[in-house]
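Here is a short briefing on one predicted model. Keep the sequence and the coordinates open while reading.

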Amino acid sequence: MITAVIGRTFLNAYNEKYGKELSPKGFFEQEYWELFYNHPKYMQWVTNSPFVQMKSGQKPHLLSVDERMEKLENLFDKAENEIPDASFALGYPASESKEYASTSGLVSDVVIPVDEDEVYLSWIGSGLGITVAGGFTLLFDNPTITLQTFEGWKVYRKYLNDQTLEKLRGNQINTWNGQWLTYSLNPEEYREDFDFSELTNQKIFKVDTSLAEVATVNWSQLFFSLSTQFPNDEMMGYVYGFGQTSKTIGFIPFQLKSGGNIKEIYQKLFGDFKINKKEFEILFGMHIKRACELGSIGLQALRPDSLKKYMTEDKNLSFKKEEDTINYQAYKTWLVAMLTRNKEEITDYTPKLAEVILRYRNTGKGMSRVTLVEKELFTSKSKRGFIESLTLMIPDLEGEDLESLKTLKDEVHVMTNEEFGYFLTLLKFDYAYQQKKS
């Protein structure tokens, strides 16, 4: 199972880094159990597992050391003597011999040999899962990522044991992993002397009068941090969800170089970040499930989710609110990236075209030009309709403005329908921006 594969990758890297020779069971007992379960607050809740099966009167936060040790011994006994199932081998199918109200998908009739090591490795791998907004968890078979995730386990445990943080929820290790990797792999955000207050300011924790908990990170934020660490990589990720109903999407390529591409284009268009970069990154990324349906997660999947309504409906940015400017910059960056085939082709000529169209619109009498531009040109559903509207504008133009629209007509003619959709949306945004400036 994939959880055991990831657990093996991590354990090999851990033993090499720290000069140890721990077996899967040895690591589980010395590190995993000690961090995750040998405390009043658990870091992970696994339904039907020995750690959550309580005798009459028992509660997890009231267990004695001996009672917690008894539950560990129960897991050891199951791993040694029973056929693995989802209650003690994470990522495995539910037991068919026990009357659990659960089902399993994609269960093979092929008997796959499973030894005791695989059970412990499945726990280790599951603890390395990275939960993102949308209810899915990611696993990467990468030693660097797994080791960095492990370093975060100790931080989460420190906060769970902090008596001043009594209201902090446990059992959020996978959600924590997402926030920890996003923060710790981002050199522009990470501080070695961080504390709980710093992480709260970073919106990693949500705190109110009754509860403190780890917020769920957007997958795009994690993507941008990973792209900083692995700028030229394509990395295979496994996307799934454990819960009352387990969900499996499967193996999806993550094209991490797209994150650097977005940042590079932003800087070419707008210079160094003059806005909150974290707020900017949050704007990117469609729903994780929809992103996976594309077959790979890269530039197309990074489309700002709120951009869709401007591409499919006759809507435009009004720039009446402060956040419209940061939205405009994110939308424009993504659209230019989608229209750019390589770094040398990064161009920004739509503002000039928007100026030409705005001048045309403002120099006419009555409402005829306003109607032509805003009700016909910008609402065109096809290249043909757009070019027909341009043709109606050309007799009233001369000089450089005329040449600009003639060139535009030629360029639109050779665009694909998909490119035209991106281009028209970009032109409408720059037109609205020029209106705001004027």
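Four strands build an open sheet, ordered E1-E2-E5-E6, with antiparallel pairing. Strands E1 (130-132) and E6 (247-255) stand at the edges. Each has a single partner strand, so one side of each is left without a neighbour in the sheet. From one strand to the next, the twist averages 30°.

**Sheet detail**

- Strand E2 (residues 136-140) pairs with strand E5 (residues 234-241) in the antiparallel sense, over four bridges.
- Phe140 stands opposite Gly237 in E5.
- Strands of a sheet pair through backbone hydrogen bonds, and the pairing can be parallel or antiparallel.
- Helix H8 (residues 219-229) lies across E1, E2 and E6. The helix runs at about 130° to E1.

**Helix H6 against helix H8**

- H8 also meets helix H6 (residues 173-184): their axes come within 8 Å and cross at roughly 40°.
- That angle makes H6 oblique to H8, since angles under 35 degrees would count as roughly parallel.
- The crossing of H6 past H8 is left-handed.
- On the H6 side, the contact involves Gly178, Leu181 and Thr182. On the H8 side, Gln221, Leu222 and Ser225 take part.
- By class, the residues of this contact are two nonpolar, four polar and no charged.

**Helix H14 against helix H18**

- The axes of helix H14 (residues 350-362) and helix H18 (residues 417-437) come within 8 Å, crossing at roughly 60°.
- H14 is therefore oblique to H18. The range for roughly perpendicular is 65 to 115 degrees.
- H14 passes H18 in a right-handed crossing.
- H14 contributes Thr350, Pro351, Leu353, Ala354, Glu355, Ile357, Leu358 and Arg361 to the contact.
- H18 contributes Phe423, Leu426, Leu427, Asp430, Tyr431, Gln434 and Gln435.
- The contact of H14 with H18 has nine nonpolar, three polar and three charged residues.

**Positive phi in loops**

- Most residues other than glycine have a negative phi.
- Asn48 is not a glycine, yet has a positive phi of about 70°.
- Asn48 sits in the loop between helix H2 (24-36) and helix H3 (65-81).
- The relative accessibility of Asn48 is 31%, so this residue counts as partly exposed. Buried would require under 20%, and exposed over 50%.
- Phe319, also a residue other than glycine, has a positive phi near 60°.
- The loop between helix H12 (308-312) and helix H13 (323-339) holds Phe319.
- Phe319 is buried, because its relative accessible area is 10% and the limit is under 20%.

- Ala79 belongs to helix H3.
- With 8% relative accessibility, Ala79 counts as buried.
- Which residues does Ala79 touch, not counting those up to four places away in sequence? They are Phe88, Glu116, Val119 and Tyr120.
- Ala79 and Gly241 are 162 residues apart in sequence. In space, their C-alpha atoms are 23 Å apart.

How values were computed
Residues are numbered from 1 along each chain as its sequence is written. This is a predicted model: local features need pLDDT of at least 70, side-chain atom pairs count only at pLDDT 80 or more; totals for chains, interfaces and linings use all residues. Side-chain values use heavy atoms; hydrogens and water are left out. Two strands pair if DSSP finds at least two bridges between them. Helices (H or I, at least four residues) and strands (E, at least two) are DSSP runs, numbered from the N terminus. Axes are lines fitted to C-alpha atoms, for helices over the stretch in contact, and angles run from 0 to 180 degrees between N-to-C directions. Contact means heavy atoms within 4.5 Å. Buried means under 20% relative accessible area, exposed over 50%, partly exposed in between (1.4 Å probe, protein chains only). Angles under 35 degrees count as roughly parallel, over 145 as roughly antiparallel, 65 to 115 as roughly perpendicular and the rest as oblique. A crossing is left-handed if the near helix is turned anticlockwise from the far one by less than a right angle, and right-handed if clockwise. Ala, Val, Leu, Ile, Met, Phe, Trp, Tyr, Cys and Pro count as nonpolar, Asp, Glu, Lys and Arg as charged, and the others, Gly among them, as polar.
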